[in-house]
Amino acid sequence: MLEAKLLEAGTLKKLLDAIKELVTDANFECNEEGIVLQAMDNSHVALVSVKFSAPAFKRYRCDRPMPLGVNLTSLTKVLKCAKDDDICTLKAADEADVLNLVYEAKNSDRIAEYDMKLMDIDADTLQIPETEYDARVTMPSAEFTRIVRGRPLCLGW
């Protein structure tokens, strides 16, 4: 059984929104250490590697390793139903074919629950070597988004 509770759905929403254009279908590999997503884009140019360690969740339980094969476009649509500050709980039973998502409002008694059909995705786990980099870049996320989306910077001349 998997149960992973995030204090803010916005974290997962922003992450998936950033990678949904690169990767269509992917496995979330869940184990006692956390949830990992590794995938290549269709042209095998871009590599996506995301890890949510167990301490990143308010509550995390994974009884046995399990892959959760999802269509990221569909998952993004389901996550749009949550407000950014909603508590988001992901649940899946052992041998599950459904991912259950529960959104709880922090300031009211609103609860929304969705089931999403899981996919059987045949994907190899990628061995990504640890790499030392010569530089570290720190910038505001808005600036990074502007660069990635290729929008010009308005300097207000």
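This is a predicted model: local features need pLDDT of at least 70, side-chain atom pairs count only at pLDDT 80 or more; totals for chains, interfaces and linings use all residues.

Student: In what order do the four strands of the open sheet stand?

Tutor: Helices (H or I, at least four residues) and strands (E, at least two) are DSSP runs numbered from the N terminus, and two strands pair if DSSP finds at least two bridges between them. The pairing in this open sheet is antiparallel, and the order is β4-β3-β2-β6.

Student: Why is one side of β4 and of β6 left without a neighbour in the sheet?

Tutor: Strands of a sheet pair through backbone hydrogen bonds, either parallel or antiparallel. Here β4 and β6 (66-71) each have a single partner strand, so one side of each lacks a neighbour in the sheet: both stand at the edges.

Student: How many bridges join β2 to β6, and which residue is the bridge partner of F28 in β6?

Tutor: The strands β2 and β6 run antiparallel and are joined by six bridges. Within β6, the bridge partner of F28 is L68.

Student: Which residue in β3 is the bridge partner of C30?

Tutor: β2 and β3 form a hairpin with two residues between them. Their antiparallel pairing extends over four bridges. In β3, C30 has as its bridge partner I35.

Student: What angle does the direction of α1 make with that of β4?

Tutor: Angles run from 0 to 180 degrees between N-to-C directions, with axes being lines fitted to C-alpha atoms, for helices over the stretch in contact. Contact means heavy atoms within 4.5 Å. Helix α1 packs on the sheet, where it touches β2, β3 and β4, and its direction makes with that of β4 an angle of about 170°.

Student: At what angle to β6 does α2 run?

Tutor: Helix α2 lies across β2, β3 and β6. Its angle to β6 is about 80°.

Student: Which residues of α1 are buried?

Tutor: Buried means under 20% relative accessible area, exposed over 50%, and partly exposed in between (1.4 Å probe, protein chains only). The buried residues of α1 pack against β1 (2-6), β2 (25-31), β3 (34-40), β4 (47-53), α2 (72-79) and β7 (87-92). In this helix, which spans residues 9-19, they are A9, G10, L12, K13, L16 and I19.

Student: At roughly what angle do the axes of α1 and α2 cross, and which residues make the contact?

Tutor: The two axes come within 10 Å and cross at roughly 145°. On the α1 side the contact is made by L12, K13, L16, D17 and I19, and on the α2 side by L72, L75, T76 and L79.

Student: With which side chain does K20 make a polar contact?

Tutor: K20 lies in the loop between α1 and β2. Leaving aside its neighbours within four places in sequence, K20 is in contact with L72, T76 and K80. A polar contact is a pair of N or O atoms within 3.5 Å; within protein, one must be able to donate a hydrogen and the other to accept it, and residues adjacent in sequence count only if both atoms are side-chain atoms. At 3.1 Å, the side chain of K20 makes such a contact with that of D17.

Student: How many salt bridges does a search of the whole structure find?

Tutor: A salt bridge is a side-chain nitrogen of Lys or Arg within 4 Å of a carboxyl oxygen of Asp or Glu. By that criterion, the number found in the whole structure is eleven.

Student: What is the relative accessible area of K13, whose side chain meets that of D84 in a salt bridge?

Tutor: The K13 and D84 side chains meet at 3.1 Å, N to O. K13 is in helix α1 and D84 in the loop between α2 and β7, 71 residues apart. D84 counts as partly exposed at 40% relative accessibility, whereas K13 is buried, its relative accessible area being 19%.

Technical notes:
Residues are numbered from 1 along each chain as its sequence is written. Side-chain values use heavy atoms; hydrogens and water are left out.
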